[in-house]
Amino acid sequence: MNKALTLVLIAECWMTIGQICFKKSANRLNTQLWQYPTLWMGAAAMLTGLLFWLAALSSGELSFVYLLGSIQYVFALFAAHFFLDEKINATKLIGTLLITMGIILTAVS
Amino acid sequence: MEKITKINQLPLKIFLLLVVNDLLDTTAQLLMKKGVHHLFNFANPDFFLFWIGMAIYLFNFFLWMNILSKIDLSVALPLASSSYILIPVAAIFFLHEFVSPVRWLGLVFIVLGIYFVSRSPIKTFRDGRELKAKP
């Protein structure tokens with residue numbers, strides 16, 4: 001598999017973990033936010049993701065890497081379903097399918 | 001302050017913040033791409049470009065969080081997705097990348113997909129429970 005593609009996938013996995021952690025922290029915004037461990041876990045995951053993102057940038061074209069980064073929308077759909085109990089509806093599913101098609105087209109371009 | 005949930009309620013100030021957010025994202029990605037090979041090479045001028053890009057990226061993250069605290073993600077997302085068009089265009093001009101027709105087609109699908117994702121209602125959980133408004 002393409003090296004840049006692999007690195008983007010790893011980066012976006014970490015970014016999605018970060019987003020889920022941030023959302024979990026934001027969902028209980030009634031006391032001091034910095035006391036929540038999920039906030040710090042989220043920040044750590046985001047930074048790890050950023051490192052892999054930089055590695056991806058260094059091994060592929062920007063227009064290629066950035067478009068592939070939209071895989072995060074797909075990851076987020078499933079992560080939000082399993083970890084935040086958010087519902088997947090038809091509109092969201094159509095949107096993510098379109099994004100997936102776009103990613104496949106980009107990956108073979 | 002009431003959170004903005006519809007695109008026609010969007011104040012000019014927040015719209016401009018979103019435009020700035022997109023432009024900064026594009027700039028940051030360009031600079032990071034340009035300098036990523038010279039991360040620790042102090043003698044190379046691209047070294048500075050990388051770290052400027054990195055600073056913009058981190059600043060932009062907080063700007064994005066600030067925007068999201070004022071307006072719904074469903075309003076912010078379609079406008080933010082314009083960076084998927086800006087970045088390939090910037091890559092052509094500043095990095096002399098070639099964007100093939102297939103990649104343009106992929107881009108169209110991605111932007112269309114983001115539009116659909118942002119159009120979907122976000123107020124319900126898997127068990128049918130409604131999302132509670134924050135105090």
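**Helices, contacts and loops**

Reply: Gladly! Let me start with a pair of helices: H5(A) and H5(B) are roughly antiparallel to each other, and therefore get that label from their packing angle. Please keep in mind that this is a predicted model.

Me: At what angle do H5(A) and H5(B) pack?

Reply: Two packed helices are described by the angle between their axes and the distance between the axes. For H5(A) and H5(B), the axes are 7 Å apart. An angle over 145 degrees counts as roughly antiparallel, and this pair packs at about 165 degrees.

Me: Is the crossing of H5(A) past H5(B) left-handed or right-handed?

Reply: The residues of the contact of H5(A) with H5(B) divide into 16 nonpolar, seven polar and three charged. As for the sense in which H5(A) passes H5(B), the crossing is left-handed.

Me: Which helix gives the largest share of the side of chain B that touches chain A?

Reply: The contact takes 31 residues from chain A and 35 residues from chain B. On the chain B side, helix H1 (12–35), helix H4 (83–95) and helix H5 (101–119) each supply at least two residues. By class, that side has 21 nonpolar, seven polar and seven charged residues. Its largest share, 13 residues, comes from H5(B).

Me: How are H4(B) and H5(B) oriented, roughly parallel or roughly antiparallel?

Reply: Their axes are 10 Å apart, and the packing angle is about 155 degrees. Because angles over 145 degrees count as roughly antiparallel, H4(B) relative to H5(B) is roughly antiparallel.

Me: Which residues of H5(B) make the contact with H4(B)?

Reply: The residues of this contact divide into six nonpolar, no polar and no charged. From H4(B) come B:Tyr84, B:Ile85 and B:Pro88, and from H5(B) come B:Leu107, B:Ile110 and B:Val111.

Me: What percentage of the 135 residues in chain B is buried?

Reply: Chain B has five helices and zero strands, running α-α-α-α-α from the N terminus on. Among its contacts with a separation of 6 or more, 64% are between residues 24 or more positions apart. Buried residues make up 26%.

Me: Which element supplies the largest share of the largest nonpolar core?

Reply: This core has 38 residues, and those with the most contacts inside it are A:Leu57, A:Val65 and B:Ile110. Leaving out residues up to four places away in sequence, A:Val65 touches A:Ala4, A:Val8, A:Ala56, A:Leu57 and A:Gly60. The largest share of the core, six residues, comes from helix H3 (residues 62–68) of chain A.

Me: Is A:Ile88 exposed or partly exposed?

Reply: A:Ile88 sits in the loop between helix H4 (71–83) and helix H5 (90–108) of chain A. Beyond its neighbours within four places in sequence, A:Ile88 is in contact with A:Leu77, A:His81 and A:Leu93. A:Ile88 has 14, so the class is partly exposed.

Me: What is the phi of B:His96?

Reply: Most residues other than glycine have a negative phi. B:His96 lies in the loop between H4 and H5 of chain B and counts as exposed, with 7 C-beta neighbours inside 10 Å. Although B:His96 is not a glycine, its phi is positive, about 55 degrees.

Me: And which class does A:Asp85 fall into, buried or exposed?

Reply: A:Asp85 is in the loop between H4 and H5 of chain A, and its phi is near 60 degrees, a positive value in a residue other than glycine. Because A:Asp85 has 12 C-beta neighbours inside 10 Å, this residue counts as exposed.

Definitions and conventions. Residues are numbered from 1 along each chain as its sequence is written. Chains are lettered from A and ligands numbered from 1 in the order in which they are written. This is a predicted model: local features need pLDDT of at least 70, side-chain atom pairs count only at pLDDT 80 or more; totals for chains, interfaces and linings use all residues. Helices (H or I, at least four residues) and strands (E, at least two) are DSSP runs, numbered from the N terminus. A residue is buried if 20 or more other C-beta atoms lie within 10 Å of its own, exposed if 12 or fewer, and partly exposed in between; C-beta atoms are placed from the backbone. Two residues are in contact if their C-beta atoms, placed from the backbone, lie within 7 Å. Ala, Val, Leu, Ile, Met, Phe, Trp, Tyr, Cys and Pro count as nonpolar, Asp, Glu, Lys and Arg as charged, and the others, Gly among them, as polar. Axes are lines fitted to C-alpha atoms, for helices over the stretch in contact, and angles run from 0 to 180 degrees between N-to-C directions. Angles under 35 degrees count as roughly parallel, over 145 as roughly antiparallel, 65 to 115 as roughly perpendicular and the rest as oblique. A crossing is left-handed if the near helix is turned anticlockwise from the far one by less than a right angle, and right-handed if clockwise. A nonpolar core is a set of buried Ala, Val, Leu, Ile, Met, Phe, Trp, Tyr and Cys residues joined through C-beta atoms within 7 Å.
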